[in-house]
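Thanks for making the time this morning. I would like to walk you through one model, and I will give the cut-offs as the terms come up.

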Amino acid sequence: MKIAIFRLTLRNRLASFLTFPRIKLLTNWTISFTRPMENSKSTFVTVLAWIFIIFSGLGVLMSALQNIMIHTVFPSFDAVSKVESGQDFNWTDFMFANIEWIFALIGLAILLFFISSIGLLKRKNWARLTIIVLLIIANIYMIVTSIWNWLFFYDFDLSTFDENFAVFEIAVTVFTFIIVLAMTILFIWIIRRLMSASIKAEFVDG
């Protein structure tokens with residue numbers, strides 16, 4: 001009887017020793033391995049955020065100077081364009097008629113991009129989503145402006161210019177197309193990276 005009780009007690013102790021410490025040990029291992037992964041920050045997001053901060057910060061300064069010049073040095077653009085808009089409509093008249101609003105919207109977009117870049121560096125999810133939306137808008141903007149540049153040259157009567165001007169126009173159009181295509185591919189790649197599961201795991205709400 002004593003031997004049976006001893007065996008039962010020994011079995012219970014072995015069971016408690018193998019069960020509870022193992023669970024505790026596995027729990028500690030889980031915590032130790034998961035916490036660094038949650039707090040890890042990828043080099044891609046850090047480098048991308050700093051690049052965006054530097055370029056958008058310079059863009060904010062340039063945009064501020066441009067808006068100051070538009071409202072002070074060139075205040076007559078709007079008046080001149082309204083007089084000329086009575087003729088046949090063209091894209092040049094449209095731009096000059098709304099040049100103040102165009103530069104103001106561009107300045108606000110650059111400022112928003114700068115603020116979102118700082119949020120991207122701090123791993124804020126709202127900043128990641130804002131950057132994605134702004135990159136999509138930037139792609140559309142580049143495509144639209146490249147088309148506008150072509151229409152801008154198209155408005156001119158090339159017969160009044162030197163023959164080399166036609167060659168220059170073709171060169172500018174091809175160069176613009178290559179730049180727009182390269183930037184579009186780059187932005188699409190960045191958008192896909194920011195939308196990947198591994199990158200989204202780094203960001204927090206708020």
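Predicted model: local features only at pLDDT ≥ 70, side-chain atom pairs only at ≥ 80, totals over all residues.

Residues are numbered from 1 along each chain as its sequence is written, and side-chain values use heavy atoms, with hydrogens and water left out.

Let me begin with the fold. The secondary structure of the protein chain comes to eight helices and zero strands, and along the sequence the pattern reads α-α-α-α-α-α-α-α; helices here are DSSP runs of H or I with at least four residues, strands are runs of E with at least two, and both are numbered from the N terminus. Of the 206 residues in the chain, 24% are buried, where buried means under 20% relative accessible area, exposed means over 50%, and partly exposed is in between, with a 1.4 Å probe and protein chains only.

Now to the largest pocket, which holds about 1300 Å³ of space. For the definition, we use a 1 Å grid over the protein atoms alone, and a pocket is an open set of points where a 1.4 Å probe fits, with protein on both sides within 12 Å along at least five of seven lines, while lining residues have an atom within 4 Å of a point. Grid points are joined across faces, edges and corners, and the volume is the space filled by probe spheres set on the points.

Which residues lie nearest the centre of this pocket? They are Ile 106, Ile 110, Ala 138, Tyr 141 and Phe 187, out of a lining of 32 residues. The elements that give two or more residues to that lining are H2, helix H5 (99-121), helix H6 (125-154) and helix H7 (164-194), and H2 gives the most, with eleven residues. By class, the lining has 26 nonpolar, six polar and no charged residues, counting Ala, Val, Leu, Ile, Met, Phe, Trp, Tyr, Cys and Pro as nonpolar, Asp, Glu, Lys and Arg as charged, and the others, Gly among them, as polar.

On the surface, a nonpolar patch is formed by Val 47, Trp 50, Ile 51, Ile 54, Phe 55, Leu 58 and Leu 61, with about 730 Å² of accessible area together. Such a patch takes residues with over 30% relative accessible area and no salt bridge, and joins nonpolar side chains (Val, Leu, Ile, Met, Phe, Trp, Tyr) within 5 Å, or like charges within 9 Å; the areas come from the Shrake-Rupley method with a 1.4 Å probe, and for residues only the protein chains shown count as cover. One of its members, Leu 58, lies in helix H2 (residues 43-72) and is partly exposed, because its relative accessibility is 47%.

How many salt bridges are there? The count comes to one, taking a side-chain nitrogen of Lys or Arg within 4 Å of a carboxyl oxygen of Asp or Glu. Arg 123 pairs with Glu 202, the closest N and O atoms being 3.0 Å apart. This pair links distant parts of the chain, with Arg 123 in the loop between H5 and H6 and Glu 202 in the segment after H8, 79 residues apart. Both residues are buried, and Arg 123 counts as such because its relative accessibility is 3%. Its phi is near 60°, a positive value in a residue other than glycine.

Ser 198, in helix H8 (residues 197-200), is 156 residues from Ser 42 in sequence and 9.1 Å from it in space. Ser 40, found in the loop between helix H1 (2-39) and H2, is 9.5 Å from Ala 201, at a sequence separation of 161 residues.
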